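Come along, and keep the picture in view as we go.

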Amino acid sequence: MAKLDSKVPKGPISEKWTNHKNNIRLVSPANKRQIDVIVVGTGLAGGSAAATLAELGYNVKSFCFQDSPRRAHSIAAQGGINAAKNYQGDGDSIHRLFYDTVKGGDYRSRESNVHRLAEVSANIIDQCVAQGVPFARDYGGLLDNRSFGGVLVSRTFYAKGQTGQQLLLGAYSAMNRQIARGKIKMFNRHEMMDVVLVDGKARGIITRNLINGKIERHSAHAVVIASGGYGNLFFLSTNAMGSNVSATWKIHKKGAYFANPCFTQIHPTCIPVSGDHQSKLTLMSESLRNDGRIWVPKTKEDAQAIREGKLNPTDLSEDKRDYYLERRYPAFGNLVPRDVASRAAKERCDTGFGVNKTGEAVFLDFAAAIVRYGKEKAHLKGLDEDDIKVVNELGKAAVKSKYGNLFQMYEKIVDENPYETPMMIYPAVHYTMGGTWVDYNLMTTIPGCFAIGEANFSDHGANRLGASALMQGLADGYFVLPYTIGDYLADDIRTGAISTDSKEFEEAENDVKQKIESLLKTKGNKTVDYYHKKLGKIIWNKCGMSRNADDLKQAIEEIKILREDFYANVLVPGSSDSFNEPLAKAIRVSDFLELGELFAKDALERKESCGGHFREEHQSKEGEALRDDENFTFVSAWEYKGNPSDAVLHKEQLNYENIELKTRSYK
Amino acid sequence: MKLTLKVWRQKNSKEKGKIESYDIDKISPDMSFLEMMDVLNEKLTIEGLDPVAFDHDCREGICGSCSMFINGEAHGPDRLVTTCQLHMRKFNDGETIYIEPFRAKTFPVIKDLVVDRSSFDRIQHAGGFISVNTSGNTQDANSIPIEKQKADNAFDAATCIGCGACVATCKNSSAMLFVSAKVSQYALLPQGKIEATDRVLNMVKQMDDEGFGNCTNTGACEVECPKGISLENIARLNREFIKAKIKS
C-alpha cells in the first residue's frame, strides 16, 4: 500500500517553493536527452508541460484524442486567468491571491500548493505575453483586468470571452515549435487505454488509434496525466463531448488514489436546459457578473406570469424585482463565489420563482450596465446624458466590446436578443475540483506517474474560484512539473530506453483488447447514450447541487444496477479495427459507471457541507453550508480495491498554519 | 419537423463514397444541427446500421472540430457560427438537407464526414510560434505597451479556430485565410517582429508543399468563416510575404 506522504517542504510558506527548487535533484542536459516522458492530454496543463519538458531537452510523446492538440477543451474557457500582478494598484498581492483561493475553496485545499500557485501566477502572464497571446489592453497600451467571483480586487487578465482559446493556442504554438524540432512526437486521435507499471513504476501506456483501432504500446520513464476533469459524469455539463475520466480512472485502478471525487463545481451562469434532446450545456462566462445583475420577480404571481409568457421581464418595475444576491450578500453582491451563487439560484427556483417554462432559470440583466456605460460614454463625448436613445446606443456598444462573443453565442442558442431582454441562466456542471491525489511534486501514489491541471485535486479545495483553472493548468505545466519531475527522473539517467516487449506491456495490451471485444460482442438493445443519460440523471438528481444520505445510498445502488445492465445489454455497433466513435464512447461510459459509485460514496462519507458539496443535513439556519472542521479537515484519498464502493479511505490531514479557519462569509 | 437527409457515406479513406438518403422525424427547432445528427445516429444504431461518423467536441463553436458542408455551405446556412451552433430553426419542415464533408485534396476523408486536417497542423509547425522558452524570467508583461487598436486586431486574427471552412469553401482550396490569420496576429505584435521574415516564408512554403491552392481574391472564405476572420489579413500576409522575399 502506497503511503500518503504529501512531501510538503519545511519552512515558512513563502519560502517553501524557492527552497524546494534549490534543493531538489536536477538532470543534466546530456542526460535529459536519454529520458522519455509521456504526456496524456494537450490542454493548458498538458500542452504547456509537453512544450516545457521538450524545451528542457526531454523526449516527449504527447497524446490527445482530438484531431489536433489545439482542440483540447481548455479552448472553451471564457472569462480569464488570475494573476497577482497588482497592475490595478488595488492592494493585490501573492498573499491575497493565496488567501482568496484557500477561502474560496472553503478550507479544503493544501496550503503549500495554493501558495506556490499564487507565487508563479505572475510568471504565467509574462510568459504568455512573450508568446504573443493577445490579452485585452487599455488605451494606454497596458494590460486590462476585470473582477471575478469571491474576490475584492481586479486581478483577472482576459482576451474578450475567449481567454482559454488564446492561452491554449499559446501553449499549442510552444508545442508546435518543439514538434518542428522533433522534441515532441505528437499522437493525435489516440486515446489512452491503460497505464503500464513495471516494477511498481509507471513505464508506459497502451493507446488506441481512433482512426484504425490499432492498439499500441508506448514506453517512457515517466507518465504525466493531464486529461482534465470528469464533469461528463453528469451527461449534461459544459465539458466537451469527448471529455472523460478514463485516463485518471485507469491509473486509479492501477494504484493512484482518487481524491475528493464528490467535489464538483456547479457553475451558476449557464444557458438553461431546453429539452430532452440536449447533448450538452453552454456556459455564459462568470465575467458577465461584473456587469449583469441577477434577479427573479418578488412575487410568485409575477414569476408565473413570466413563465406563461403573459408578462415581459422588461415590463416589471424595479420594486417588483428581487436581486437576491445583492440582498443576501451585500459585500460581494452578484460576485459571490460560484457555489454560493448556484445554491441561491436553486433555492429561488425550488421555491417557485423560476422564470422559464421549466421553472429552472433566473435572469441575468444588463439593462443597468448599458445605461451606466452609455452615460459614461455620452459624458466623454459631450453628448446629452439624458437622451435615452443615445445612452442606450453607446451603452450597448460598450457592452458589446466587452462581451460581444458571449452575447452572440447566447442569441444563436436561445434565439433571443440579450441586449433587449435579460438573459436566462441556470447552474450546470462545469468543473471538478476532485481528481487524482498528488503530492507536492504533483506525483500520484504510483511512482513515476504524475497528474496535472484539472486531473489532480490539490489547489481548489471544495470550490474553485473563477479564472483559477487556467492559472492552475499553466502553473502546473509551465512552472511546477518541469522542475519537480526532474527530482524523480534523476534516478533514471542510467536506465536506458524502456522496452515495450515485456510481459507487463503484453498483459496490459491483452486486457485492453479483451475489454473491447467483450463490449462489441454484447450486441444488446440499448445504445451507449441511453446509459450515459441514465447515469447523468442519477448523479444530477441525487448527488447534484444538494445531497442527503438517503439519496446518496440510493444512488450507489442504482449505479451498480445500471452498470450490470450496461454490460449485459449495451449495443456497440461496428468493429474494433475502424473509426468507431460509439466504441470509444462505450469505453468512456464504462469508466464513468464505476466512478459514479465512488463519487456517491465520497459524498456520503463526507458528513459536512463545504464549498460545492452541500449536505442538506449540515446547514445553518440561513441555509448556508456548515463545515465540520473538527472531523473533516482532510483530503479523502480513495484506494481502489476491485469494486468502486469497496474503495478504502486514506486521509491526508490538512494543516492551516498561515490562514485561520473561519466560516466563509460573503455578506 | 420532418426532414430528408442526404448524407455522404464513405467507409474509409480508400473506398469510394456515395450519398445515402435517410428520413428523420420529430426534430425540434430548438435542437442544434449536431443534436439532430445524434437522433439520426441513435436510430441507425438501433436499426443495426453504422452510425454516421462526424467530428465534434466542444459544441460551443470554439474547438473547431465540427466540419460539415451543409446544403453547399461550410457550417450551413447561418452566418458566423460553426455547425454545432447551427440550430434546426434555420431549416423548414419537410426540407431535404445535403450533408457532405469538407472537401479538399489537402483534407482527405477518414470516414463519412470526418476529414484529416493535419496539413493545418504542419503549417503551424513551420512557423506558427514565437521562439520563447519557458523560464519565469521573461520581462514583465507590461514592459511593452501595445497600441490598443493593434492588440485588438491581433486578437481578431487570433480567434481563428482552424476548422478549415475557408479551404472547403474556396474554389481553389486555398488556405490563405488560415495562414494569414496566424501571420497577422504575430505581425501586429512587437513580440512577433523578430522572426517575421522566416515565419511568413516558412509557413507559405509549407502551405504550398501541402498542395493548397492559390488565392484569387473571391472572398468566399471570409463569408463562410465562423469567426469572421477578415480578408484584410490576406492582404497583410501578401505584404509580409513580399517584404520578406525582398529582405531574404
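**Entry 1: what counts as a contact.** I began with the word itself: two residues are in contact if their C-beta atoms, placed from the backbone, lie within 7 Å. I also noted that this is a predicted model.

**Entry 2: the domains of chain A.** I looked up how chain A is divided, and found domain 1 (31-263 + 433-492), domain 2 (267-429) and domain 3 (518-628). How many residues of domain 1 of chain A are in contact with domain 2 of chain A? I found 22 residues of domain 1 in contact with 26 residues of domain 2. On the domain 1 side of that contact I noted six nonpolar, 14 polar and two charged residues. The centres of these two domains, taken over C-alpha atoms, are separated by 32 Å.

**Entry 3: a sheet in chain A.** Next I traced an open sheet of three strands in chain A, with the order β6-β7-β8 and antiparallel pairing. Why is one side of β6 (190-198) and of β8 (215-219) left without a neighbour in the sheet? I saw that both stand at the edges with a single partner strand each, so one side of each has no neighbour there. From one strand to the next, the twist averages 25 degrees.

I then followed β7 (residues 201-209) of chain A, which pairs with β8(A) in the antiparallel sense over five bridges. Opposite A:Arg208 I found A:Ile215 of β8(A), and opposite A:Gly204 I found A:Ser219 of β8(A). The hairpin of β7(A) and β8(A) has five residues between the strands, and in this hairpin A:Gly213 takes a positive phi near 75 degrees. I also found what lies across β6, β7 and β8 of chain A: helix α14 (residues 503-522), running at about 140 degrees to β6(A).

**Entry 4: the domains of chain B.** For chain B, the domain assignment gives domain 1 (3-111) and domain 2 (118-247). Their centres, taken over C-alpha atoms, are 29 Å apart. Here 18 residues of domain 1 of chain B are in contact with 16 residues of domain 2 of chain B. The domain 1 side of that contact has nine nonpolar, six polar and three charged residues.

**Entry 5: a sheet in chain B.** I traced five strands of chain B in an open sheet, ordered β2-β1-β5-β3-β4, and noted mixed pairing. Which are the edge strands? They are β2 (18-24) and β4 (73-74) of chain B, each pairing on one side only. I looked at one pair up close: β3 (residues 68-70) of chain B and β4(B) run antiparallel and are joined by two bridges. The bridge partner of B:Phe69 in β4(B) is B:Ala74.

**Entry 6: two helix pairs in chain B.** A reminder to myself: two packed helices are described by the angle between their axes and the distance between the axes.

I listed B:Ala154, B:Ala157 and B:Ala158 of α3(B) and B:Ala181, B:Ser184 and B:Gln185 of α5(B) as making the contact. Those residues divide into four nonpolar, two polar and no charged.

My next pair was α7 (residues 196-210) and α9 (residues 232-247) of chain B, which pack at about 110 degrees with their axes 9 Å apart. That angle makes α7(B) roughly perpendicular to α9(B). In α7(B), B:Ala196, B:Thr197, B:Val200, B:Leu201 and B:Val204 meet B:Leu237, B:Glu240, B:Phe241, B:Ala244 and B:Lys247 in α9(B). I sorted this contact into seven nonpolar, one polar and two charged residues.

**Entry 7: where the chains meet.** Last, I looked between the chains: 67 residues of chain B are in contact with 67 residues of chain A. Among the elements that each supply at least two residues to the chain B side are α1 (33-46), β6 (109-111), α3 (148-158) and α5 (176-187) of chain B. Which gives the most? I found that α1(B) does, with seven residues. By class, the chain B side has 26 nonpolar, 25 polar and 16 charged residues.

Key. Residues are numbered from 1 along each chain as its sequence is written. Chains are lettered from A and ligands numbered from 1 in the order in which they are written. This is a predicted model: local features need pLDDT of at least 70, side-chain atom pairs count only at pLDDT 80 or more; totals for chains, interfaces and linings use all residues. Helices (H or I, at least four residues) and strands (E, at least two) are DSSP runs, numbered from the N terminus. Ala, Val, Leu, Ile, Met, Phe, Trp, Tyr, Cys and Pro count as nonpolar, Asp, Glu, Lys and Arg as charged, and the others, Gly among them, as polar. Two strands pair if DSSP finds at least two bridges between them. Axes are lines fitted to C-alpha atoms, for helices over the stretch in contact, and angles run from 0 to 180 degrees between N-to-C directions. Domain bounds come from an automatic or database domain assignment. Angles under 35 degrees count as roughly parallel, over 145 as roughly antiparallel, 65 to 115 as roughly perpendicular and the rest as oblique.
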